[in-house]
Amino acid sequence: MELNNLQPAEGSVKSNGKRVGRGEGSGKGGTATRGHKGAKSRSGYSKKIGFEGGQMPLQRRVPKFGFKNINRVEYQGVNLDVLQQMVDDGKIKDTVDMTSYIENRLATKNELVKILGRGELKAKLKVSAHKFTKSAQEAIEKAGGEVITL
């Protein structure tokens with residue numbers, strides 16, 4: 001190996017072999033292979049996502065419908081069978097309130113809780129929540145429990 005035949009390792013140097021914008025004599029001076037005028041010829045050009053060459057983009061062509069109610073109130077649902085399971089596991093005794101929901105990860109402290117009527121409840125519970133379905137309220141009272149709306 002001599003100084004005149006030194007080469008970088010295979011694959012270590014990426015070069016496309018095209019030296020653009022280095023004078024007219026190179027054949028790639030002037031516009032530097034970018035063509036004449038237009039956004040793509042200018043420095044700092046980057047195409048916006050969804051850009052279709054000036055044609056109305058699909059996102060704007062497609063009709064929109066419906067609306068989002070900004071006053072919608074979201075509740076975290078807790079079913080009766082979940083409450084019964086918690087009683088069976090010994091996680092709750094006779095009262096179920098927000099601290100019980102938070103400790104058992106059924107809701108977070110900022111969520112509103114709604115008791116839903118799936119499953120059956122055998123235990124006599126004093127249940128506190130923000131809302132109850134009719135079936136859930138009847139089932140709790142039928143089991144001898146008490147319903148408290150927060």
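A salt bridge is taken here as a side-chain nitrogen of Lys or Arg within 4 Å of a carboxyl oxygen of Asp or Glu. The structure discussed is a predicted model, and by this rule it holds three salt bridges. In general, side chains of opposite charge can pair when their charged atoms come close.

One of these salt bridges joins the side chains of glutamate 74 and arginine 72, at 2.8 Å from N to O. Both glutamate 74 and arginine 72 are exposed. Another involves aspartate 81 and arginine 118, whose closest N and O atoms are 2.9 Å apart. This pair links distant parts of the chain: aspartate 81 belongs to helix 2 (residues 80-88), whereas arginine 118 sits in the loop between strand 3 (112-116) and strand 4, and the two are 37 residues apart. Aspartate 81 has a relative accessibility of 28% and therefore counts as partly exposed. A further salt bridge is formed by glutamate 52 with arginine 61, with the closest N and O atoms 3.1 Å apart. Glutamate 52 counts as partly exposed because its relative accessibility is 31%, and arginine 61 is likewise partly exposed, with a relative accessible area of 42%.

Three strands make up an open sheet in the order 2-4-6, and their pairing is parallel. Strand 2 (95-96) and strand 6 (146-149) are the edge strands, each of which pairs on one side only. Strands of a sheet pair through backbone hydrogen bonds, either parallel or antiparallel. Between strand 2 and strand 4 the parallel pairing runs over two bridges, and here valine 96 stands opposite valine 127 of strand 4. Strand 4 (residues 126-129) also pairs with strand 6 in the parallel sense, over four bridges.

Serine 128 lies in strand 4 and stands opposite isoleucine 148 in strand 6. Is serine 128 buried or exposed? Its relative accessibility is 10%, so serine 128 counts as buried, the cut-off for that class being under 20%. If neighbours within four places in sequence are left aside, the contacts of serine 128 are Val96, Asp97, Tyr101, Ile148 and Leu150.

Threonine 33 is partly exposed, since its relative accessible area is 48%. Lysine 37 also has its place in the segment before helix 1. The phi of lysine 37 is near 50 degrees, again a positive value in a residue other than glycine. With a relative accessible area of 70%, lysine 37 is exposed, the cut-off for that class being over 50%.

Leucine 6 is another residue of the segment before helix 1. Together, Met1, Leu3 and Leu6 form a nonpolar patch on the surface, with about 440 Å² of accessible area. Leucine 6 counts as exposed because its relative accessibility is 52%.

Key. Residues are numbered from 1 along each chain as its sequence is written. This is a predicted model: local features need pLDDT of at least 70, side-chain atom pairs count only at pLDDT 80 or more; totals for chains, interfaces and linings use all residues. Side-chain values use heavy atoms; hydrogens and water are left out. Two strands pair if DSSP finds at least two bridges between them. Buried means under 20% relative accessible area, exposed over 50%, partly exposed in between (1.4 Å probe, protein chains only). Contact means heavy atoms within 4.5 Å. Patches are made of residues with over 30% relative accessible area and no salt bridge: like charges are joined within 9 Å, nonpolar side chains (Val, Leu, Ile, Met, Phe, Trp, Tyr) within 5 Å. Accessible areas come from the Shrake-Rupley method with a 1.4 Å probe; for residues, only the protein chains shown count as cover.
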